[in-house]
Amino acid sequence: MASDGARKQFWKRSNSKVPGSLLKATPKVPTTPVKARRTSTFQEFESNTSDAWDASEDDDELLAMAAESLNTEVVMETANRVLRNHSQRQERRRPPEPPAVPSGDLRLVKSVSESHTSCPAEELRKLSWSGIPKSVRPITWKLLSGYLPANVERRPATLQRKQKEYFAFIEHYYDSRHDDAHQDTYRQIHIDIPRMSPEALILQPKVTEIFERILFIWAIRHPASGYVQGINDLVTPFFVVFMCEHIEEEDVDAADVSRVPTDVLRNVEADTYWCMSRLLDGIQDNYTFAQPGIQMKVKMLEELVSRIDEQVHRHLEQHEVRYLQFAFRWMNNLLMREVPLHCTIRLWDTYQSEPEGFSHFHLYVCAAFLGRWRKEILEERDFQELLLFLQNLPTAHWGDEDISLLLAEAYRLKFAFADAPNHYKK
């Protein structure tokens with residue numbers, strides 16, 4: 001058994017530090033004088049407690065000195081100075097807003113029109129989504145469609161090569177349009193072109209010939225689908241946009257194409273063919289046998305509308321209006337028969353900026369388009385009147401603002417439903 005002395009020694013209070021133990025009442029005097037001040041509650045606690053993980057008494061002295069020197073006024077003054085400096089730097093970095101110019105237009109004009117600059121594809125899409133200035137729309141569409149390379153130095157050679165390739169197709173295939181194998185295709189194209197709009201432009205003999213060549217060559221080179229009514233409408237926006245570079249009239253409908261030099265018309269024709277081909281590559285199942293792509297998209301539109309506006313959906317069902325009766329044309333012609341041509345061109349600015357714009361985003365545009373006429377649809381109580389209204393919507397006076405509102409609503413629907421397919425699947 002341990003002796004009494006050893007027992008007393010065991011219970012003797014140790015001088016070593018224990019976490020949370022109070023320091024001696026006599027405060028340590030710092031080597032440098034400090035201004036008298038009142039410490040905060042936390043600082044009082046910190047100065048009167050010790051930590052078992054302290055390395056030495058020298059560290060305690062340094063901590064005490066730091067606690068004495070960092071008073072609240074100094075901390076607040078330093079923090080405010082940092083915030084002021086940060087705000088000033090942010091103001092210097094923020095570019096000035098262009099006066100009376102739509103957002104993104106100046107940057108788009110600069111990035112596309114400067115010959116020594118290559119605008120990154122993703123940046124170009126972002127800038128083009130809200131509309132493309134007319135002055136740079138032709139080259140921007142060629143870039144967005146993938147027809148022109150992003151590398152500026154390669155563009156002239158690419159244009160020359162593709163234009164030469166297209167006219168080689170003309171030389172090789174076009175004379176066969178009256179052969180037994182192709183005469184039905186050519187006859188249908190010849191019948192459909194005069195039905196297109198704008199009539200003042202399309203019915204000019206040179207324009208008719210250009211459209212016939214473009215559509216016939218495309219049909220011959222794509223035997224899986226061949227020519228299908230509706231494809232003819234998709235030529236017009238490209239042709240009109242590319243012609244704008246070479247005519248003085250503000251309205252292309254009134255332009256006399258016969259005054260345009262032949263070599264310019266040849267280049268426009270080739271560019272139109274290749275850009276239209278790029279578009280159709282993404283939606284070709286719309287035009288194969290039985291047009292399964294359109295059938296599927298109309299069904300998806302019906303399911304989507306049933307989720308986002310059940311009242312309109314039930315109203316159409318109640319009056320036995322089938323979506324195929326009005327929406328088939330929306331899908332087949334990409335709404336070109338529903339809105340004026342200048343609205344279609346503005347719509348295509350965004351379609352070409354969106355991933356899968358013509359095939360996927362178009363679905364949400366159609367849903368937003370139907371929702372735009374919600375009030376009028378619900379007021380119609382007769383099958384015939386309801387169907388006639390849906391097939392002849394009053395958009396003759398629509399402008400870019402109407403299209404922008406339509407696209408904004410379509411984007412909202414896409415954001416809500418595109419990544420959650422179960423939201424519109426029963």
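**Figure 1. Overview of the predicted model.** The protein contains 21 helices and 0 strands; helices (H or I, at least four residues) and strands (E, at least two) are DSSP runs, numbered from the N terminus. This is a predicted model, in which local features need pLDDT of at least 70 and side-chain atom pairs count only at pLDDT 80 or more, while totals for chains, interfaces and linings use all residues. Residues are numbered from 1 along each chain as its sequence is written, and side-chain values use heavy atoms, with hydrogens and water left out. Of the 426 residues, 43% count as buried, where buried means under 20% relative accessible area, exposed over 50% and partly exposed in between (1.4 Å probe, protein chains only).

**Figure 2. Close-up of the largest nonpolar core.** A nonpolar core is a set of buried Ala, Val, Leu, Ile, Met, Phe, Trp, Tyr and Cys residues joined through side-chain atoms within 4.5 Å. The largest one here has 108 residues, and Leu234, Leu316 and Trp348 have the most contacts inside it. Contact means heavy atoms within 4.5 Å. Not counting residues up to four places away in sequence, the residues that Leu234 touches include Met276, Ile283, Tyr287 and Trp348.

Figure 3. In helix H9 (residues 183-192), the buried residues are Tyr186, Ile189 and Asp192. These residues lie on the same side of H9 because they cover an arc of only 130 degrees around the axis, the arc being that of the directions from the helix axis to the C-beta atoms. The buried residues of H9 pack against helix H11 (205-221).

**Figure 4. Close-up of aromatic rings.** Rings of Phe, Tyr and Trp (its six-membered ring) pair if their centres lie within 6.5 Å; planes under 30 degrees apart count as stacked, over 60 as edge-to-face and the rest as tilted. The whole structure holds 25 aromatic pairs. One of them, formed by Tyr174 and Tyr186, is edge-to-face, at 6.5 Å centre to centre and 80 degrees between the planes. Tyr174 belongs to the loop between helix H8 (155-173) and H9, whereas Tyr186 is in helix H9. Both tyrosines are buried.

**Figure 5. Close-up of Asp271 and Lys142.** Asp271 is found in helix H13 (residues 262-282) and is buried, with a relative accessible area of 4%. Among the residues that Asp271 touches, not counting those up to four places away in sequence, are Lys142 and Phe242. The charged end of Lys142 sits over the ring of Phe242, 5.0 Å from its centre; a charge sits over a ring if NZ of Lys or CZ of Arg is within 6 Å of the ring centre and within 35 degrees of the ring normal.
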